[in-house]
Amino acid sequence: MKLSLMYSYLNTDLAIIEKELEASIKGKHPVLQQAGLHLLQSGGKRLRPVFVLLGGKFGDYNIDVIKNVAVTLELIHTASLVHDDVIDDADLRRGKPTIKAKWDNKIAMYAGDYILGSSLEIITKLPNPLLHKLLAHTIVEVCLGEIEQIKDKYRFDQNLRCYLRRIKRKTALLIASSCQLGAVAADVPAEVHQKLFLYGYYVGMAFQITDDILDFTGTDEQLGKPAGSDLMQGNITLPVLYAMKNESLKQQIVQVSERTTAAEIKPLIHAIKQSDAIKQAEALSNRYLEKAYKILGELPPCRARNTLFNVAKYIGKRKF
């Protein structure tokens, strides 16, 4: 089943969120507006807003309230992508030119800041102090994850703990917060929204591991960027860590540098793809998903819980 069909009953509310996303960055400055809309309108799964809405379904669901949380979290995610593309010197995002490629690094950095600022402006519409506290903590952790990724570029002696801590901060926490904050905005009891956070954390870890696997197994067309981009940019992902257990592969991997060309790295990408590293990474992703399924079993039965199960299942099997 296609991902979008799993939550098609949310389409009316997702359409509202889409309009709010565009409205949030319109009319303040023409260049920043064009740059922000360029990325927002380039597609994306809108998973974080979906998780916000599903979290809200466990409580007093009101789209006029919940939409502010959904828009805020998607804008934070979008801002992080803009900054990522500057740091990684990436020219493509979702198959289209990045903001830094279409304009320049300065415009991209200010566009990312502008989108982040817009997100914080929106969340002030909700007075719940717990919501603001949790969101602020998430933003701090995401920034720490970004700094760690910069620090760890081309550092081939890092271990599994470094990788897991980095993807927790870069990816998993924003997904976990989406599940939790949607529920907090809907006045869900603490024992429920805390379990939704755990579900989101486990799914988020599996999501990023799968992303890192797809960087080796996906096509350029599926990924919207060249396959093997992570290693080219010096990002040491889980398949690379597992591949380095093979001494022959390790000797090739540690030679990768900023000077390595796409043509030079292509045989190495193929070798990693054909190694046991992919299966080992898939096994760890599946372990996180099993934890997510277990947490779901502790949540009140409802349609949203069933959808969260199906979304987790899809994440474990997705091919792009």
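Colleague: About how much space lies in the second largest pocket?
Modeller: This is a predicted model, and the value is computed from it. The space in the second largest pocket comes to about 220 Å³.

Colleague: Which helix gives the most to the lining of the second largest pocket?
Modeller: Two helices, α5 (63-87) and α8 (129-151), each supply at least two lining residues. Residues of the lining include I76, H83, I139 and I150. With six residues, the top contributor is α8.

Colleague: How many residues of the lining of the second largest pocket are charged?
Modeller: Among the lining residues are A79, S80, L116, V142 and E146. Nine of the lining residues are nonpolar and two are polar. That leaves the charged group, which has one.

Colleague: How many disulfides does the count come to?
Modeller: A disulfide needs two cysteine sulfur atoms within 2.5 Å. The sulfur of C162 is too far from its closest cysteine sulfur for a bond. C179 is in no disulfide either. The count comes to zero.

Colleague: Is C179 buried or exposed?
Modeller: The nearest cysteine sulfur to that of C179 belongs to C302, 12 Å away. Buried means under 20% relative accessible area. C162, at 13%, counts as buried. C179 has 1% relative accessibility, so C179 counts as buried.

Conventions. Residues numbered from 1 in each chain as written. Predicted model: local features only at pLDDT ≥ 70, side-chain atom pairs only at ≥ 80, totals over all residues. Heavy atoms only, no water. 1 Å grid on protein atoms, 1.4 Å probe; cavity = no way out; pocket = protein on both sides within 12 Å on 5 of 7 lines; lining within 4 Å. Points joined across faces, edges and corners; volume = space filled by probe spheres on them. Helix = DSSP H or I, 4+ residues; strand = E, 2+ residues; numbered from the N terminus. Nonpolar A, V, L, I, M, F, W, Y, C, P; charged D, E, K, R; others polar. Buried < 20%, exposed > 50% of the residue type's maximum accessible area, 1.4 Å probe, protein only.
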